[in-house]
Amino acid sequence: MSECGPTNSLPQLPVGRGSRLNPPNRFERIHLEADFDQTDPDDPAHQARRVATSYFDDNSQSVVSENNSPDVPFRFSINPYRGCSHGCSYCYARPYHEYLGFSAGLDFETKILVKRDAPGLFRKWLSRPAYRCEPVNLSGVTDPYQPAEREFEITRGCLHVALQCHQPVFLITKNAMVTRDLDLLRELASHNLVRVAISVTSLDQSLTRIMEPRTSSPAARLAAIGELSNNGVPTVVMVAPIIPGLTDSEVPEILRAVADAGAVAANYTIVRLNGAVEPVFEDWLDRHFPLRKIKVLERVAALHGGQLSDSRFGARMRGRGVLAEVIRATFKTFAKKHGLDRPVEPLETSLFRRPERDARQGRLFPVPEEI
């Protein structure tokens, strides 16, 4: 699906990665800039290469983040990992890696921070006397079922805690690995304590292979929707993000396919090239779709008032203007046609069982029974 275009002096894309760039970190004064203009094209530096994923321990003392954005339907979330080796070229979460001293480019997908203590910290958070049960989202920034989960099983550990406490949870992922945890998800679903959202950006594997290089194939995601649904786990689909000029024409077929697979509802977001996502995505277009680059970027800008991103609440996820309205109307029409516009039942909160606090940690003041 790639288009031929002019070559440039940068080395080839590292194998299996979405970005070959490490754009400057906005918080760092020094940046290393690769310069290949004077090197021989046959030099090994120009050849495709494998870049290993490195894992680092994240020793954060809290794991639940609170969100106050009106654009997302949850207040609390857990991200078991920082960075994501799925390598999605458009990922809005890339700039978060700059807070860690890394780049939003290749670093984001090759330097992954692992919150090994997340299940224990989640249990501790739930044990607070003042906590009043409401759903917690497992994800929100990076994917909880990215490849690191096969080794570390942190998301699975958090699901164990949720099941033990009857704590309702949302899951958002684009990886079919979620079906590995069907034993836990099935039990949670039997008490209406879980909902899984599968992200589907395209049904064209030749596109997803280069746009989201380490995610599950579209066919595998559809199969995961079917397996979850057949096991009583309510599954919704996020067509996210829709990229105008690249994936927007697929919306009707995506909605038909996910409905046939067993999804109960669907929603969408549109792409936004915030911060350092812009140079990463533009370079990706240069490499794979040079003839469409201008059209895609102009349409993205048309969704955001002439800019490639709009951070304002109410606009950043859906865009504004004529093109945004066309996408909204198309999505609404086909979601209704395939029965994906129905309201989804709220998760159960009345079954929550507060875990016991660590007996070694006393209280300075007694807590009234009613709290």
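## A buried lysine

A salt bridge here is a side-chain nitrogen of Lys or Arg within 4 Å of a carboxyl oxygen of Asp or Glu. This is a predicted model, with local features needing pLDDT of at least 70 and side-chain atom pairs counting only at pLDDT 80 or more, while totals for chains, interfaces and linings use all residues. Residues are numbered from 1 along each chain as its sequence is written, and side-chain values use heavy atoms, leaving out hydrogens and water.

Let's start with Lys-115, in the loop between β5 (111–114) and α2 (118–126); helices (H or I, at least four residues) and strands (E, at least two) are DSSP runs, numbered from the N terminus. Lys-115 is buried but has no salt bridge, and Asp-58, the nearest side chain of opposite charge, sits 4.8 Å away. Buried means under 20% relative accessible area, exposed over 50%, and partly exposed in between (1.4 Å probe, protein chains only). As for charge, Lys and Arg count as positive, Asp and Glu as negative, and His and the chain ends are not counted. Leaving aside residues up to four places away in sequence, Lys-115 touches Asp-58, Val-63, Asn-79, Pro-80, Arg-82 and Ile-154 (contact being heavy atoms within 4.5 Å).

## Salt bridges that do form

The count comes to 20 salt bridges. Take Arg-75 and Glu-66, whose closest N and O atoms are 2.8 Å apart: Arg-75 is partly exposed at 38% relative accessibility, and Glu-66 is exposed at 55%. Arg-328 and Glu-325 also pair up, at 2.7 Å from N to O. Those two both lie in helix α11 (residues 322–337), three residues apart, or about one turn of the helix. Arg-328 is partly exposed at 33%, and Glu-325 is partly exposed at 39%.

Lys-293 bridges to Glu-282, with the closest N and O atoms 4.0 Å apart. Lys-293 belongs to helix α10 (residues 293–303) and Glu-282 to helix α9 (residues 277–288), so the pair ties together parts that are 11 residues apart in sequence. Lys-293 is buried, at 17% relative accessible area. There's a network too: salt bridges link Glu-149, Arg-156, Arg-180, Asp-181 and Asp-183.

## Aromatic rings

Rings of Phe, Tyr and Trp (its six-membered ring) pair if their centres lie within 6.5 Å; planes under 30 degrees apart count as stacked, over 60 as edge-to-face and the rest as tilted. The structure has eight such pairs.

## Cysteines without disulfides

Searching the whole structure turns up zero disulfides, a disulfide being a pair of cysteine sulfur atoms within 2.5 Å. The closest cysteine sulfur to that of Cys-84 is in Cys-88, 6.3 Å away and too far for a bond. Cys-88 is in no disulfide either, its nearest cysteine sulfur being that of Cys-91 at 6.1 Å. Cys-84 is buried at 7% relative accessibility, and Cys-88 is buried at 6%.
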